[in-house]
Amino acid sequence: MKTIYLDNNATTQVAPEVITAMEPFFKEYWGNPSSMHFFGGQVAGYVEEARGKLAALLGADPSEIVFTSCGTESDNTALFGVLSDTDREMRLITTRVEHPAVLGPSRYWREKGRDVVELGVDSAGQINIDELRRQLAAGPALVSIMWANNETGVIFPMEKIASLVKEYGGVLHTDAVQAVGKLPINLKETPIDLLSLSGHKLHAPKGVGALYVRKGTKLKTFMIGGHQEDGLRGGTENVPYIVGLGKAAELAGEFMEEEVTNVLKLRDRLEKGLLETCPDTRVNGDVKNRLPNTSNISFEFIEGEAILYHISDLGICASSGSACTSGSLEPSHVIRAMGVPFTAAHGSIRFSLSRYNTQDEIDYVVKEMPAIVDRLRALSPFVK
Amino acid sequence: MWNYTGKVLEHFRNPRNVGTIEDPDGVGEVGSLACGDALKLMFKLDADGKIADAKFKTFGCASAIASSSALTEIIKGMTLEEAGGVTNQQIADYLGGLPEQKMHCSVMGREALEAAIENYQTGGTSKKILEGKVVCNCFGITEEEIERVVRENALTSVEEVTNYTKAGGGCGNCKPDIQNIIDRVVKEREEADKPAAEAPRKMTILQKIKRIEQTLNDVVRPMLQKDGGDLELVDVDGDKVIVSFRGMCAGCNVAQFTLKDVVETKLREFVSPDIVVEEERV
């Protein structure tokens, strides 16, 4: 049975070139980059080279890159690093559709008594820029708004948000975990102060991420330990994984064009095919401002986990916003924030592609899906 | 992925008795699209009053579909009296067990069966009627249902109740209420098991503090926050609870009323009738 992997927003395969780049740092170059001998010292250069490659992908200066263990650590570092400054005691403006790695810390601060605002979204998953402006006018804040949503792929207007925060004052953090590598980012032009990214969304392995910290941004250290990362993140550098992330960033730059053309074409082909062959389906999210690889489709009157198990039996891998798959008992908070009706919320399936998917794979999914949908609809008490 | 048994997956992939019965004897409907789970069960009796045929339609996940299929297989051939005694644990056992967080699927099966039997016996509605006080507003679960599930499955924690009924799995405000129901059932069971006079079990200090914290966070603070206020737990000394008001409450000239009518009343209701609340002014 062939594996058709359409769950890239959950994690991605490690690119073969990345594995090749990492190997020597397990086998030969395993020294500690901070050591005072040739064996360790020779490794330091490779860490800096990886830093440079990642900085280049983001349009940043290498000195502004802090390596972390994952996107969650980067988000936590940003939210705790700025808000624990008791002299400023800043407010926080964020959104209802953020990833738990941002919402978790936000709610922690709300419990501690900070003024925390969660901006809502409309039925297409977009925020209201005027509402953001009003909230910014109320006082300086840390603004944490994701660049692109992991469930729907909806892209927030980061340039507009950045210029507003600049106008009213404040610090801007963005969880760009889903956006990096999928759309061009140039931090020289967009005045963002803090940016989180994750290796395993970028064809690097799980266990490495980074936080971009613009020069001059005040940030309290979260992982307090050694002097690594300029004192901003203690802990001996995860050398092989950092090298891997650097290589993945380099590849992402090379393949960016392909991402926004070929992958987009395949996603559109999948979406169109499913909407045409399966009745009572709808797309969730702003289709005009969306990541090129993501399609969130609701199949009405049937439930997400059941769909996923059936397609998994065929080798097809995706994910869902249904209550049964959410880990809590309610459907995805993103789908709920968009006001998607219950007829569609529990039957929502997210397909997220990568540059490794082929047209044959897409056509197979479109071919097999109608039978699965019919099978579950025959079971459903809501279908006459 | 869930740790489903082979039997669950088999009944999910090849469910038995799917469909409807023309001119059924009993029809039971539970759940809704909002819930994410729904089951419509129908049965037909033979001349001897035994269930000759049963059919189902389900909206739900793999374990919901498997539970419904299992249920119809279990009840075929039973008398109505026998069917009335089928427990949710029997459904789960038939499938070789269900993950804890999916036990509510087996409970849904038992509820649909009861609704169908009641529908046959009284000719009333096929939909499950909510009897008694609704404890969980998010999922519409009554005190009776929670009590029953706690009793029949010997549950001891709020988390287990959520796994079996979904109650408490939404906003979480009903969790202290659920804990009270559990405590009540456990106490009743213990009193029934030990008829000899025994000193009443007191709450340990740790339990009391935890319960106080839970009540303040889940019940009291949301009420104050609605009006822009809040409070902080400062200390607990025996039956004395010391709090400090925050936000709008801090400057409010009727905060004394809030202290007694809201904070103390709720703590006496959920923790212990002996509690006295005092305010510590910062």
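## Strand β5 of chain A and its neighbours

In β6(A), A:Leu142 has A:Val171 as its bridge partner. These two residues belong to a parallel pairing of β5(A) with strand β6 (residues 170-175) of chain A, held over four bridges. Between β5(A) and β6(A) the chain passes through helix α7 (residues 158-168) of chain A, a β-α-β crossover that is right-handed. Right-handed means that, with the strands pointing away from the viewer, the path from the first strand over the helix to the second runs clockwise.

This is a predicted model, in which local features need pLDDT of at least 70, side-chain atom pairs count only at pLDDT 80 or more, and totals for chains, interfaces and linings use all residues. Residues are numbered from 1 along each chain as its sequence is written, chains are lettered from A and ligands numbered from 1 in the order in which they are written, and side-chain values use heavy atoms, with hydrogens and water left out.

Strand β3 (residues 91-95) of chain A also runs parallel to β5(A), joined to it by three bridges. Here A:Leu92 stands opposite A:Leu142, and A:Arg91 faces A:Ala141. In a regular strand the side chains alternate between the two faces of the sheet. In β5 (residues 141-144) of chain A, A:Ala141 and A:Val143 point one way, while A:Leu142 and A:Ser144 point the other, and all are buried (under 20% relative accessible area; exposed is over 50% and partly exposed in between, with a 1.4 Å probe and protein chains only).

## The whole sheet of chain A

Stepping back, these strands are part of an open sheet of seven, in the order β2-β8-β7-β6-β5-β3-β4, with mixed pairing. At its edges stand β2 (65-68) and β4 (116-119) of chain A, each with a single partner strand, so one side of each is left without a neighbour in the sheet. The twist from one strand to the next averages 15°.

Helix α5 (residues 100-111) of chain A lies across β3, β4, β5 and β6, at about 140° to β4(A). Angles run from 0 to 180 degrees between N-to-C directions, with axes fitted to C-alpha atoms, for helices over the stretch in contact.

Chain B has an open sheet of three strands, ordered β1-β2-β3, with antiparallel pairing. Its edge strands are β1 (26-32) and β3 (51-59), each pairing on one side only. Seven bridges link β1(B) to β2 (residues 37-45) of chain B, and B:Val30 stands opposite B:Leu39. Helix α2 (residues 62-75) of chain B packs on this sheet, touching β2 and β3, and its direction makes about 175° with that of β3(B); contact means heavy atoms within 4.5 Å.

## Where the chains meet

How many residues of each chain are in contact? There are 31 from chain B and 24 from chain A. Together the chains bury about 2,400 Å², 65% of it on carbon and sulfur atoms; buried area is the accessible area (1.4 Å probe) that two parts lose on being put together, summed over both.

Two salt bridges are found across this interface (a side-chain nitrogen of Lys or Arg within 4 Å of a carboxyl oxygen of Asp or Glu). A:Glu305 forms a salt bridge with B:Lys102, the closest N and O atoms being 2.8 Å apart.

Notes
Two strands pair if DSSP finds at least two bridges between them.
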